[in-house]
Amino acid sequence: MDGRAPRIKNRAPAAIQITAEQLLREAQERQESAFRAPKQRVEDFEELHEYRGRKRKEFEERIRRTRGSIKEWLQYANWEASQNEFARSRSVYERALDVDPRSIQLWLSYTEMELKNRNVQHARNLFDRAVTLLPRVDQLWYKYVYLEELLQNVPGARQVFERWMKWEPDDKAWQAYIKMEERYGELDRASAIYERWIAVRPEPRVWVKWGKFEEERQRLDKAREVFQTALDFYGDDEEQVEKAQAVFSAFAKMETRLKEYERARVIYKFALARIPRSKSAGLYASYTRFEKQHGTRTTLESTVLGKRRIQYEEELSHDGRNYDVWFDYARLEEGAFRDLRGEGATTEEEEGAIGRVREVYERAVAQVPPGGEKRHWRRYIYLWLDYALFEEIETKDYSRTRQIYQTAISLVPHKAFTFAKLWIMFAKFEIRRLDLPAARKIMGTAIGMCPKEKLFKGYIELETDLREFDRVRKLYEKYLEFDPANSSAWIKYAEIESQLEDFARTRAIFELGISQSPLSMPELLWKAYIDFETEEGERETARSLYERLISLSGHVKVWISYALFEAESIPVPRAMREEEEDEDAEPKMVPGDPDRARQVFDRAYKELKSKGLKDERVALLEVWKTFEETHGTADDVTKVSSMMPIVTKKRHVDQETGQMVEDWELVFADDERDNNPTSFKFLQMAHAWKSNQSKGGKSDSSTAPAPAPTKNNHKEDNASSDIGSSDEEN
């Protein structure tokens, strides 16, 4: 055998099947029986004495070898008891107790032997000796009490309990004593035991049990006295009241069961007023359930508010700089104040609600963000703003509002960063208080201390609303001195002058703006200048601006805008408008010149061609074609279509891989005609043939599909088909 499993040749089921039950039965039948000692029968007393002597000798020998083994002693004593030799059994037990007098198992076995053989007095004496020697072993006391009560010796059992209670055992022992008195109807004795229990262990759960006991036996005055005594015992100290939450809750629930709802409500409020909100979640939950069942709408809302306060306080105890929680907390208190005022509360209640709101805000703003990064301050600064708005709108305390703004401004490190919203809201507050010089002083201080775009815009908007345009001009000058590259600032300044109808000043501002060399988004400023001249009807001035812009940038969008400008209608000049028409009437329009537009398109095409910008030329031709479809004839459209590029394949060697790759390329008719007239003619004929094939009704599947267009071709299929058709016609 090589150790491998045998190979099974026939896997068919056997003719006779054996079940698992049969296998187990056979295993049981074939199992060999264990050895059993033979039974001995004693025929006479002599043989009995010989047997007992032999067994005692064996036990004595085993005890001599293992004197400390309680197991051997117990076997010896139990054997003697089985032979009805109780004196010998007691002797063995006493010898064992001399060896280990603190063995609980030994005492229990000794007493059990006496009880089995109805030696009750011996058992009593043993229990008395045991509890005297081991007074802290509750099991012995329980057995002793059970024996006395089993013998209907209630005074004896009570005497045992009294001996036990002197040792101040745990709560189960006191509870067992009380239950025994309840079983025999001695309720006054049970109440006295509760009083002694409280004296030994004055814990809340013991007070609660005593109160419930008095309530169950219909001694309601006594139950209230118990709870009152408990509350007097704990006093008004915060820690003690916190420990006594169970007493308060049980007292209130008892009053609720007795339908004394006002008493219960007073108890709940007394406790909740003295316990921190973060440590009274369970008591608040009980109070909430009580108010839902027996309270009014007002009391229920106040309870829910208290519960939410606890939740917020707990969250803030983990993270004091969680400003979202502070916002929710402040809104909660503000909502409670508004509801209280809407219900017609007294002045003292309103002042208390205002005090709670202020306390929340003061605690919130005291959590100053760490570090000098602005992102940490963004949420924090809104706490100050909400605080100021609350004082201004709700309490009408304007001096306090002013103080809040001043404190917030002094707190922000303006050298590192600032908040324009804070300055602007402070200035608007002063305007609402009709103190315009103070508002201007605030904004001036802000701009002088930490100039910022939003501050300039806010100050300009403020002066614009006041129609102080001279101040607006000065502010725009300061703004542009601070940031001369800001195109939107130049545009807004020019718009103000245009609205004031100082057009010369408007043009001067535009000219000064476009002359700035580092200019952010200059196309916006040029467009605004051109739009202004267009609205004024100054086509020549606008045309000169386009020419200047083309000389600077030459972008295809500028060319397109220039060409479309030449074709569109514009209002008549303002001087002619004032002479001929009223101000309210629509101004007359001067039509555009499509020929000039075509000239601009042609100039643009040649300029882009000279620079080799193919994508820009395609974009220009598409707009030009759309323009001709609107303003030109069919010949004009055909002419522009013939200028559209042809999409061709070009092979070249890839610099990275060194392999031959194919790419799509835009080929313009005029470029190819000038550079390679022969190959261009061949390409033109190929496109014409393709066009004829498609017209002849042949499916597109006969031709090779073109790859997806790249960024170098825009609308290649349409362009190539247009070129092909135009060449065929030519």
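This is a predicted model: local features need pLDDT of at least 70, side-chain atom pairs count only at pLDDT 80 or more; totals for chains, interfaces and linings use all residues.
Trainee: How many of the protein's residues, as a percentage, count as buried?

Mentor: Of its 730 residues, 40% do.

Trainee: Okay, how do I read a pair of aromatic rings?

Mentor: You describe a pair of aromatic rings by the distance of the centres and the angle of the planes. Rings of Phe, Tyr and Trp (its six-membered ring) pair if their centres lie within 6.5 Å; planes under 30 degrees apart are stacked, over 60 edge-to-face, and the rest tilted. By this rule the count comes to 39 aromatic pairs. In one of them, Y194 and W197 are stacked, with 5.8 Å centre to centre and 20° between the planes. These two sit three residues apart in helix α10 (residues 187-200), so about one helical turn separates them.

Trainee: And which kind of pair do Y194 and F213 form?

Mentor: A tilted one, at 5.1 Å centre to centre and 40° between the planes. Y194 is in helix α10 and F213 in helix α11 (residues 204-216), so the pair ties together parts 19 residues apart in sequence. Y194 is buried too, at 3% relative accessibility. Ring pairs also link a cluster, with W174, W207 and Y234 among its members.

Trainee: What about helices?

Mentor: Helices (H or I, at least four residues) and strands (E, at least two) are DSSP runs, numbered from the N terminus. The protein has 37 helices and four strands.

Trainee: How do I read two packed helices?

Mentor: Look at the angle between their axes and the distance between the axes. Axes are lines fitted to C-alpha atoms, for helices over the stretch in contact, and angles run from 0 to 180 degrees between N-to-C directions. Here α26 (residues 487-499) and α28 (residues 522-535) pack at about 15°, with axes 8 Å apart. They are therefore roughly parallel (under 35 degrees; over 145 is roughly antiparallel, 65 to 115 roughly perpendicular, the rest oblique). Their contact (heavy atoms within 4.5 Å) includes W490 and I491 of α26 and L525 and F532 of α28.

Methods: Residues are numbered from 1 along each chain as its sequence is written. Side-chain values use heavy atoms; hydrogens and water are left out. Buried means under 20% relative accessible area, exposed over 50%, partly exposed in between (1.4 Å probe, protein chains only).
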